[in-house]
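Have a look at the structure first, then work through the points below.

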Amino acid sequence: MTLTTRRRTKIGATIDPLLAAAVDAYVAAHPGADRSGVIDEALRLWYARQQQAAMTTQFRTPASASEAAERRAWKAIRAASATRRSGRR
């Protein structure tokens with residue numbers, strides 16, 4: 001199910017009047033556009049930025065001892081697999 005086929009949730013929000021005017025000007029200039037669509041797109045962009053920030057934090061945080069051990073174990077598994085695939089034992 002995509003975002004557009006799900007039942008939509010109605011919310012209320014108070015926004016800066018200049019932003020509201022910009023949205024209304026965009027909607028007026030683009031037939032088929034509506035405020036909800038513009039706000040959906042803005043929230044999608046915001047959410048993507050939040051996810052990117054979370055991933056950046058996750059990858060910049062040093063690995064814990066257990067994560068480092070797991071990475072070493074996977075590296076050993078990959079090396080053993082590569083050795084088997086190349087025919088070397």
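**Salt bridges, helices and a pocket**

Arg44 and Glu41 sit three residues apart in helix α2, so about one helical turn separates them. In general, an α-helix has 3.6 residues a turn, so residues three or four places apart point the same way. Keep in mind that this is a predicted model. With that said, let's go topic by topic.

**Salt bridges**

- How many salt bridges does the count come to? It comes to three.
- One of them joins the side chains of Arg44 and Glu41, at 3.4 Å from N to O.
- Arg44 is partly exposed, with a relative accessible area of 39%, and Glu41 is also partly exposed, with a relative accessible area of 39%.
- Another salt bridge brings together the side chains of Asp40 and Arg8, with 2.8 Å from N to O. Asp40 belongs to helix α2 (residues 35–60) while Arg8 is in the segment before α1, so this pair ties together parts that are 32 residues apart in sequence.
- Asp40 is partly exposed, because its relative accessible area is 24% and the buried label needs a value under 20%.
- Then there's the salt bridge between the side chains of Arg35 and Asp24, at 2.7 Å from N to O. This pair links distant parts of the chain, with Arg35 in helix α2 and Asp24 in helix α1, 11 residues apart.
- Arg35 counts as partly exposed at 46% relative accessibility, and Asp24 is partly exposed too, with a relative accessible area of 31%.

**Helix α1**

- Helix α1 runs over residues 17–29, which makes 13 residues.
- From its first C-alpha to its last, helix α1 reaches 18 Å, close to the 18 Å expected at 1.5 Å a residue.
- What happens at the start of α1? There, a side-chain oxygen of Asp16 reaches to within 2.6 Å of the backbone nitrogen of Leu18.

**The aromatic pair**

- The structure holds one aromatic pair. Its partners are Trp46 and Tyr47, whose ring centres are 6.4 Å apart and whose planes meet at 35°, so the pair is tilted.
- Trp46 counts as partly exposed at 43% relative accessibility, and Tyr47 is partly exposed with a relative accessible area of 48%.

**The largest pocket**

- The largest pocket has a volume of about 920 Å³.
- Its lining is made up of 24 residues, and those nearest the centre of the pocket are Ile11, Ser36, Ile39, Asp40 and Leu43.
- Asp40 is a name to remember here, as a residue of the pocket lining and as the salt-bridge partner of Arg8.
- Which helix gives the most to the lining of the largest pocket? That's α2, with eight residues.
- Both α1 and α2 supply at least two residues each to this lining.

**Ala69 and helix α3**

- Ala69 lies in helix α3, which covers residues 65–85.
- Is Ala69 buried, partly exposed or exposed? At 34% relative accessibility, Ala69 counts as partly exposed.
- Ala69 and Ile11 are 58 residues apart along the chain, and their C-alpha atoms are separated by 46 Å.

Terms used. Residues are numbered from 1 along each chain as its sequence is written. This is a predicted model: local features need pLDDT of at least 70, side-chain atom pairs count only at pLDDT 80 or more; totals for chains, interfaces and linings use all residues. Side-chain values use heavy atoms; hydrogens and water are left out. Helices (H or I, at least four residues) and strands (E, at least two) are DSSP runs, numbered from the N terminus. The expected span of a helix is 1.5 Å times one less than its number of residues. A polar contact is a pair of N or O atoms within 3.5 Å; within protein, one must be able to donate a hydrogen and the other to accept it, and residues adjacent in sequence count only if both atoms are side-chain atoms. Buried means under 20% relative accessible area, exposed over 50%, partly exposed in between (1.4 Å probe, protein chains only). Rings of Phe, Tyr and Trp (its six-membered ring) pair if their centres lie within 6.5 Å; planes under 30 degrees apart count as stacked, over 60 as edge-to-face and the rest as tilted. A salt bridge is a side-chain nitrogen of Lys or Arg within 4 Å of a carboxyl oxygen of Asp or Glu. On a 1 Å grid over the protein atoms alone, a cavity is a set of points where a 1.4 Å probe fits but cannot get out, and a pocket is an open set with protein on both sides within 12 Å along at least five of seven lines; lining residues have an atom within 4 Å of a point. Grid points are joined across faces, edges and corners, and a volume is the space filled by probe spheres set on the points.
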